[in-house]
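Subject: Structure handover

Hi,

Here is the structure I promised to pass on. Have a look at it first, and my notes follow below.

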Amino acid sequence: MPRPGRVALVTGAAGGLGSVTAAALAGRGARVLVLDLPASPGIRVAAEIERDAGPGTARFVPADLANLDATRVLVAGLAAEYDGIDILVNNAAIYPRKPLDEYTTQEWQQVQRINADAAFVCSQAVVPGMRRTGSGRIINIASITFFGGFELLAPYVTSKGALVGLTRALARELGASGITVNAVAPGAFPTAAEMIHPDHEGYERFVLDHQAVKRRGRPEDVANAVLFFAAEESGFITGQLLAVDGGWVMQ
């Protein structure tokens, strides 16, 4: 498990999978930075983690990842303040859903900026400190949509494919510095993200029909995969993509 006292930055940590992942890291003793939009429930999430998570701590960091230059400055400042970020979880994502010909160029670019470009910028900002200490963990939250493509989600699927490519490129480049880079590909989880599907009951049947495990996923399932990649014991694993999807996709 992660060493107590390590500093973890989780983007998109105020809701869905991110808040549970942040709480899990704090529960293992990490000092967690809960980064999300200023208008998000991040203050409440951090306070709940502080109250319930155990030995770790949580602090809300308001930020808009769409502003890449400001994000780089903010994360570099956090790394300097904490004398390095030990664990970076690039979890933030947006997921518009509509036919290909209805997306504007601006919508396409916004999805890439938040889902993929911000992960690159955050990684750039934390790597110098990781190199200095000779260790670090970068964990990117991808998606099983990358394996087969899902209709109406072209920008989202493309952005998650970019995250997989980033994972492999950074793993190759940073391994000699003691930094591992891995990705988790969640399947379908009953979070707010599912509200994009108009027929919720039909979608649930669709999910269970495709999974080998006949229950819905829980955010804790993804958090446990992140804990695995963040742990000291997984230090010989890098450049990998782990599907957490109840056996929907089998590689």
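Searching the whole structure for aromatic pairs turns up five. A pair here means rings of Phe, Tyr or Trp (its six-membered ring) with centres within 6.5 Å; planes under 30 degrees apart count as stacked, over 60 as edge-to-face and the rest as tilted. One of the pairs is Phe 146 with Phe 147, tilted, at 6.4 Å centre to centre and 55° between the planes. Phe 146 is partly exposed at 35% relative accessible area, and Phe 147 also counts as partly exposed, at 29%. For the wording: buried is under 20% relative accessible area, exposed over 50%, and partly exposed in between (1.4 Å probe, protein chains only).

Phe 150 and Trp 248 make a tilted pair too, 6.0 Å centre to centre with 50° between the planes. This pair links distant parts of the chain, 98 residues apart: Phe 150 is in the loop between α5 and α6, and Trp 248 is in the segment after β7 (241–244). Phe 150 is partly exposed at 26%, whereas Trp 248 is buried at 15%. Together with Phe 206, they form one aromatic cluster.

Before I go on, the ground rules. This is a predicted model, so local features need pLDDT of at least 70 and side-chain atom pairs count only at pLDDT 80 or more, while totals for chains, interfaces and linings use all residues. Residues are numbered from 1 along each chain as its sequence is written, and side-chain values use heavy atoms, with hydrogens and water left out. Helices (H or I, at least four residues) and strands (E, at least two) are DSSP runs, numbered from the N terminus.

Next, strand β5 (residues 136–141). Six of its six residues are buried, so β5 is largely enclosed by the rest of the structure. Gly 136, Ile 138 and Asn 140 are on one side, with Arg 137, Ile 139 and Ile 141 on the other. β5 runs parallel to β4, joined by four bridges, and parallel to β6 (residues 179–186), joined by six; strands pair if DSSP finds at least two bridges between them.

Last, some backbone angles. Most residues other than glycine have a negative phi. Asp 83, however, has a positive phi near 60°; Asp 83 sits in the loop between α3 (68–81) and β4 (87–90) and is exposed at 57%. Leu 152 also has a positive phi, about 70°, and lies in the loop between α5 (145–148) and α6 (154–174).

Cheers
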